[in-house]
Amino acid sequence: MSGIYIHIPFCSSKCAYCGFYSVPTLKRKAAFLESLKQEIVSRKDYLHGEKVETIYFGGGTPSLLKGEELHAILKVLYDTFEIDPQAEITLEANPDTLSLDDLVAIRALGVNRLSIGIQSFFDNDLQYLGRRHNSQHARQCLAWAKEAGFENITIDLIYGLPTSDAEQWSRNLECFFELELPHLSAYALTLEPNAILTKQIEMGKVQPVHEDDAVRDYGILCQKMAQQGFLHYEISNFCKPERHSRHNTSYWFGTPYVGFGPSAHSYDGLSRQWNVSSLEQYVGNGKRSTENGKLFESERLTLEQRYDEYVMLRLRTMWGIDLQYLKREMGERFSSYCEQKAQPLIAHGRLSQNREILYLTDEQMLFADGIAEALFW
Ligand code: SF4
């Protein structure tokens, strides 16, 4: 079992809060698509023949690609890897980039899951975030997605915005419930070092972000999602039963995956690899080469690094850290160490334990990074 991630590095413009690698122009699209195909074929052995169960088009804005361009990428993937006929195929989309015809064409290609960057159903939030769409586009896009035959739809919302109070955030969630979608990803607004918003705040041009707002909104989020029968399966992710993102969940379970495109990461179970975060270098002169001749960097993980990674990823999920797994896969040295480090955290109510599983409750999850650090090797 394995997965494929494809990074489409194009956006119509840069959103104010964005920390992802993307360029606000389609100028190098043809060259990118050519390099992408070359990369896919050149790394056909990375997954050692494992069946691919998930494909994820992320970005950037993958919905900026035309149907025939997506078709061409999928064709190379199907020609190169063994893809499960029941594979989950997700495409990230922005509401301003899609018409009903586009959505029908994408569905016909076999894309069976849509992840739409709604972020908010309120225009004042969307303006603050520097999004290109407004709340009307958001609703229209969701209606079209359903009309095109998509059932497995998730949206992103952002909370902790200075333009929104508790009531507006609650109404945002009500809008989500009215749509009867099976999945939500909700993220606290974070200030990325190079994001436009960070500079705007530093210059006093827009309202600053307060951490207290995010804590307040997170409480509302957890409460309302539970009331509506959603499973809180990862810090930022909620789903109806059986409707979790199979692709993202496989990351948290350490499943091997290969990532194509600039800034994409790959993991084969023992080592990690990451591509250059530069479209220029990625496409090169048609040769897909960087100055030093390498498109990617890689690192073989030590057992200690694999332990840290397991702790960090699993603590963010409802499945938690399985001490039996640690013992079985990494040895008693690691399970005992983890158990011993966990005791003071449990005693102080920062971590919970149920038999062999260490996990975080909703309230504890907000501090997951700090708690994971306390358990690191
Ligand atoms: S659409 Fe997504 S990737 Fe593109 S600029 Fe906005 S946040 Fe960044």
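How many bridges join strand β4 to β5, and do the strands run parallel or antiparallel? Four bridges link β4 (residues 113–119) to β5, and the two strands run parallel. This is a predicted model. Within this pairing, S115 stands opposite T154 of β5.

Strand β5 covers residues 153–159, and seven of its seven residues are buried, so the rest of the structure largely encloses it. In a regular strand, side chains alternate between the two faces of the sheet. In β5, I153, I155, L157 and Y159 point one way. T154, D156 and I158 point the other way. Both sets are buried.

S263 sits in the loop between β9 (257–260) and β10 (265–267). Its relative accessible area is 16%, so S263 is buried.

Another backbone feature involves two glycines. The peptide bond from G59 to G60 is cis, with omega near 20 degrees. G60 belongs to the loop between β2 (52–59) and α2 (67–80).

Next comes a helix pair. Helix α11 (residues 303–315) packs against helix α13 (residues 332–347) at an angle of about 45 degrees. Their axes are 11 Å apart. The two helices are therefore oblique to each other. Their crossing is right-handed. On the α11 side, the contact is made by L303, E304 and Y307. On the α13 side, R333, F334, Y337 and C338 meet them. By class, this contact has five nonpolar, no polar and two charged residues.

Finally, turn to an open sheet of three strands. Its order is β13-β15-β14, and the pairing is antiparallel. β13 (321–322) and β14 (352–354) stand at the edges with a single partner strand each, so one side of each has no neighbour in the sheet. Two bridges join β13 to β15 (residues 357–359). In that pairing, I321 has L358 of β15 as its bridge partner.

Technical notes:
Residues are numbered from 1 along each chain as its sequence is written. This is a predicted model: local features need pLDDT of at least 70, side-chain atom pairs count only at pLDDT 80 or more; totals for chains, interfaces and linings use all residues. Side-chain values use heavy atoms; hydrogens and water are left out. Axes are lines fitted to C-alpha atoms, for helices over the stretch in contact, and angles run from 0 to 180 degrees between N-to-C directions. Angles under 35 degrees count as roughly parallel, over 145 as roughly antiparallel, 65 to 115 as roughly perpendicular and the rest as oblique. A crossing is left-handed if the near helix is turned anticlockwise from the far one by less than a right angle, and right-handed if clockwise. Contact means heavy atoms within 4.5 Å. Ala, Val, Leu, Ile, Met, Phe, Trp, Tyr, Cys and Pro count as nonpolar, Asp, Glu, Lys and Arg as charged, and the others, Gly among them, as polar. Two strands pair if DSSP finds at least two bridges between them. Buried means under 20% relative accessible area, exposed over 50%, partly exposed in between (1.4 Å probe, protein chains only).
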